[in-house]
Amino acid sequence: MQAGAQDLPAGADPSRPIETPAALVDRFTQGGPGLAYIKPKVLFLKTEALYADPTPLSIHLPPSGIGSISLLEAACLTALSRILRPRRIFEFGTFLGYSTSLFLANSETDCQVVSVDLGDVSDDLREAADYSDAELRSDDRKNDDHLRLTQARLGPLYLRGLSEADRRRLTLLHQDSRTLDTAALGLDGKVDLVFIDGGHDLETIASDTAKARAMLGGSGAIVWHDFNSTIHGEVTRYMAGECAQDIIVSVPGTLLAIGLAGAARDAFLAAAVTQG
C-alpha cells in the first residue's frame, strides 16, 4: 500500500517548515493539534544551546539495502537524545541493530537501551527471497516479509562490535511486540524515549504506540518511523489520528514523526527558545 497526498494529515506545509525554536514554541502555545514540520536546524540549534562544545555524532554508514534509517534521520535522533538526555530508551524493531547502536553510541553512558524484535521466522518467509525490487518498493507486506527474512539471516550485525560497557547497557528481547508485557518487565513509567520501527500494519502500530505511552508514563518522546513512506502507507494513516489529538513534529526529508509529552515536551521546547 502506498501513501498518497490524500493520506497526509492536513494543516502543515512541508515546503514551509518552521525555522527557529522560538517559532516552534509559538506553534505549540498558539495552535491546536496537527502536524508541525521543522527544519533539521531547529533540532541542531537546541543542542548548540545546551552544550558548550560541538555535539559529536558517532555512527556507522547506513546499510545500502532497504529498511534502515538515513544519515539525516540518525542526526535528528541523536539531537533529540542529546536534548532529552533519556535514562532509558525502548526500540520496537531491532532489525540489523543500526538504530540500536546509534542510541547506545549517542546517549549518556548510564542510559539503558531495550530493543525488541521477532526471533528467527525465516522458515515461514523463504519465498520473500525471490521478491523483485519493484515489489519490495510498492508492497508493504512483501517489504516487511523481506525485512524479517533479512534480519533472520544476518542478525543484529551492527551490534557485533559493541564495547563490554555498551553490552551491559543493552537488553535484546525476541518476541512479537504485540504480546509484550511492559508492566511485567518493569518498564511502565520508566522509559524516556521510544522509537517505533517494527511492524507496519495498523494493528501493530496501534499496539506498539499504546505500549509506548504506558512506558513513558506521561512524560517522554515517541518517534515513529516510516511516516510519509511511499511503501508503508498504514503508518501515515495511523499518524493522521495522532495529529488529530496532539501536535506531531516531523522533519521534511525524513520519515520521522515525533510526539512529546509532559516534562520532556517542556524541556524540548525550552531549549534555545531565543536562538535562530
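Hi everyone, let's start with helix α4, residues 98-105, which is mostly covered: seven of its eight residues are buried. Buried here is under 20% relative accessible area, exposed is over 50%, and partly exposed is in between, with a 1.4 Å probe and protein chains only. Helices (H or I, at least four residues) and strands (E, at least two) are DSSP runs, numbered from the N terminus. The buried residues of α4 are Y98, S99, T100, S101, L102, F103 and L104. Their cover includes the helices α3 and α7 (164-169), along with β2 (88-92), β3 (112-117), β4 (170-174) and β5 (193-196). Contact, by the way, means heavy atoms within 4.5 Å.

A quick word on what we are looking at. This is a predicted model, where local features need pLDDT of at least 70 and side-chain atom pairs count only at pLDDT 80 or more, while totals for chains, interfaces and linings use all residues. Residues are numbered from 1 along each chain as its sequence is written, and side-chain values use heavy atoms, with hydrogens and water left out. For pLDDT, think of the predictor's confidence in each residue, from 0 to 100. The protein chain has a mean pLDDT of 90, and 93% of its residues reach 70 or more. Please be careful with residues 1-6, though: pLDDT stays under 50 there, and the model has 20 contacts beyond four places in sequence for them.

Now, moving on from α4, we come to N106, in the loop between α4 and β3. N106 counts as buried, at 2% relative accessibility. Apart from neighbours within four places in sequence, N106 is in contact with P56, L57, S58, T78, S81 and R82.

R82 takes us to helix α3. At 14% relative accessibility, R82 also counts as buried. Its contacts, again leaving aside neighbours within four places, are T47, L50, Y51, T55, P56, A105 and N106.

How do α3 and α10 cross? The axes of α3 (residues 71-84) and α10 (residues 262-270) come within 9 Å and cross at roughly 105°. The axes are lines fitted to C-alpha atoms, for helices over the stretch in contact, and angles run from 0 to 180 degrees between N-to-C directions. The two helices are therefore roughly perpendicular to each other; that label covers 65 to 115 degrees, with under 35 roughly parallel, over 145 roughly antiparallel and the rest oblique. On the α3 side the contact is made by L80, I83 and L84, and on the α10 side by A264, A267 and F268. These residues divide into six nonpolar, no polar and no charged.

Next, D192, which lies in the loop between β4 and β5. Buried or partly exposed? D192 is partly exposed, with a relative accessible area of 27%. Its C-alpha is 4.6 Å from that of G220, 28 residues away along the chain. Not counting residues up to four places away in sequence, D192 touches P86, R87, R88, L216, G220 and A221.

Thanks, everyone!

Notes: Nonpolar A, V, L, I, M, F, W, Y, C, P; charged D, E, K, R; others polar.
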